[in-house]
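Visitor: Please show me the structure, and then I will ask about its parts.

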Amino acid sequence: MRVLFISAEMAPFAKTGGLGDVVGSLPRALRDKGIDVRVLMPLYGPVKSLFHDQLDYAFWHPFHRRSGTADVYIHVTEQDGVPVYFLESWPFFGAGGYVYTDVNWDRERFVFFSQAVMSTIRELGQGAHGDPWFPDVLHVHDWHTALVPFLLHESRFSPGWEDVASVLTIHNMAYQGWEAGGYLWMGGVPGRHHPDLVYQEKTDNLLGIGIAYAHKLNTVSPRHATELHYPRFGEGLEGLIWVRDPDFVGILNGIDMQRLDPATDPHIAHPYDVTNFRTERVKNKLALQVELSLEQNAGAPLIGIVSRMVEQKGMDFTVPGLRRVLAETNAQLVVLGTGDPAIEQHMRTIEWDFGWKARVIVGYSGPLAQRIYAGADLMLVPSRYEPCGLTQLVAMRYGALPVVRETGGLADTVVNYDNGAADEGTGFVFQWEESGAVYGTLRWAINTYHQRRAVFERMQQRSMRIDWSWDRPTGQYISLYDSALQRGRRGLVNLTSLGKVP
Ligand code: ADP
Ligand code: GLC
């Protein structure tokens, strides 16, 4: 089976969050299971400069659409054995601008990208780069590439395309590519006449279009798959989710267990594993305290946050709770994150008031993130919603116990500490989106750290032993591809169910 991943992000080339991690690791895991996966992503200007030495020019083709003809250049490299194609076409890709820029410009560039993807696939199928390679499945991710299933639907009677299937993975429903109608018109994209799209007035919504037209869809945890049926999480697209319910599943994300391994992580000073973490792990905390100019104190519980600073992540209601914890306990805090300037600023105020025990770093650094996972005792993930969340998975892998809100993938992956007889748990879980819950739960975690060290360490041991590899999810994706191919044969998606919304 040949599968083409089509995505705005892929680590290490371009990553702003978990989407980059997933597209950076799932294709290789699928290849290990015998699936011929390749990736196609835009060539952002900065990526071109940074990875210049690794990219080979592959081929060129002219791409025609209503607004004119564009020159499309394809470059190629290999990452962990996965062929990765980069699409360059000025002014959309290859000039300035990293992954996301201005909201209008992004809609225009990703409509362009989705269209140019189709012509690039045609070229690949005709042998533009080595032996002809034509995919069986197009696997697209989030709104940026969600137009592709519709373009495939439009091509379904063209020779070669009849049997191609599409799969859409929803990593984040809150970003949709709204009101893209003008850009779709400029590109000459035909009308989206799916009755449910028309009925729900989503014909100009790029993610909505993908949900309507993809043969199969999934999101990145079972709990979030349920959540997306309701307005609180569905963000206006819950009606379409109900309509597509028979074709929609939740598949939990995995992580790259080899690369994210505290025993071999090149970014941390003191490697450790599940057998020696009780003595070795704390050395990373002491090193991190020096790096951050915090008091070197092995016994002070260190709370870590590594997060995009956006509304989703719940930082605003967290701040008062954190302040109280810092005022009342000997805990220390390190925050690494970037995003919305107002939220960044709100976080910074913690350091202004608690400078001797709190460090807030506004920025993005993969290596520092690893040192935080390896040095912190607790990792706070208080998200309002979290389709899966990788932070808590990496935290557990590194023996930092997650303190999370019970939503989406956080609910599916963190087992709450039971301080009764059960002796179970891999973290601390709260429900309410309020500072009191953050405060109370952190106090509970800190008390456990101080007063029940053996219990705390057993939780660390348990969490470090969990297998978060892609092994299970890859099997689920392969089944999804198989079922999409069944639906893909002769193309027609289910154009029925008008008004089936409860
Ligand atoms: P999301 O995709 O919503 O941001 P995830 O938890 O799925 O959330 O993934 C976040 C990923 O990005 C994790 O690998 C996390 O370590 C990383 N990350 C987030 N912010 C930063 C940052 N400022 N510096 C380094 N890594 C970060
Ligand atoms: C999104 C979600 C996050 C998920 C990631 C990868 O960015 O916010 O929860 O882990 O995608 O699927």
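Visitor: Which strands does helix H12 lie across, and at about what angle does it run to E10?

Guide: This is a predicted model, in which local features need pLDDT of at least 70, side-chain atom pairs count only at pLDDT 80 or more, and totals for chains, interfaces and linings use all residues. Residues are numbered from 1 along each chain as its sequence is written, chains are lettered from A and ligands numbered from 1 in the order in which they are written, and side-chain values use heavy atoms, with hydrogens and water left out. Helices (H or I, at least four residues) and strands (E, at least two) are DSSP runs, numbered from the N terminus; axes are lines fitted to C-alpha atoms, for helices over the stretch in contact (heavy atoms within 4.5 Å), and angles run from 0 to 180 degrees between N-to-C directions. Helix H12 (residues 315–328) lies across E10, E11, E12, E13 and E14, and its angle to E10 is about 165°.

Visitor: Which strands stand at the edges of the open sheet?

Guide: The sheet has six strands in the order E12-E11-E10-E13-E14-E15, with parallel pairing; two strands pair if DSSP finds at least two bridges between them. A strand with a single partner has one side left without a neighbour in the sheet, so the edges are E12 (358–362) and E15 (428–430).

Visitor: Which residue of E14 stands opposite Met379?

Guide: Strands E13 (residues 378–381) and E14 (residues 401–405) run parallel and are joined by four bridges. Opposite Met379 stands Pro402.

Visitor: How are H11 and H18 oriented to each other?

Guide: Helix H11 (residues 277–291) and helix H18 (residues 453–465) pack with their axes 12 Å apart, at an angle of about 90°. Angles under 35 degrees count as roughly parallel, over 145 as roughly antiparallel, 65 to 115 as roughly perpendicular and the rest as oblique. H11 and H18 are therefore roughly perpendicular.

Visitor: What is the distance from a polar side-chain atom of Asp21 to an oxygen atom of ligand 1?

Guide: Around ligand 1 there are 21 residues (a heavy atom within 4 Å). Asp21 is among those that come nearest. Its polar side-chain atom lies from an oxygen atom of ligand 1 at 2.8 Å.

Visitor: How far is an oxygen atom of ligand 2 from an N or O atom in the side chain of Glu386?

Guide: Of the 14 residues around ligand 2, those that come nearest include His171, Gln312 and Glu386. A polar side-chain atom of His171 lies 2.6 Å from a ligand 2 oxygen, and one of Gln312 lies 3.0 Å from a ligand 2 oxygen. For Glu386 the distance is 2.4 Å.

Conventions
A polar contact is a pair of N or O atoms within 3.5 Å; within protein, one must be able to donate a hydrogen and the other to accept it, and residues adjacent in sequence count only if both atoms are side-chain atoms.
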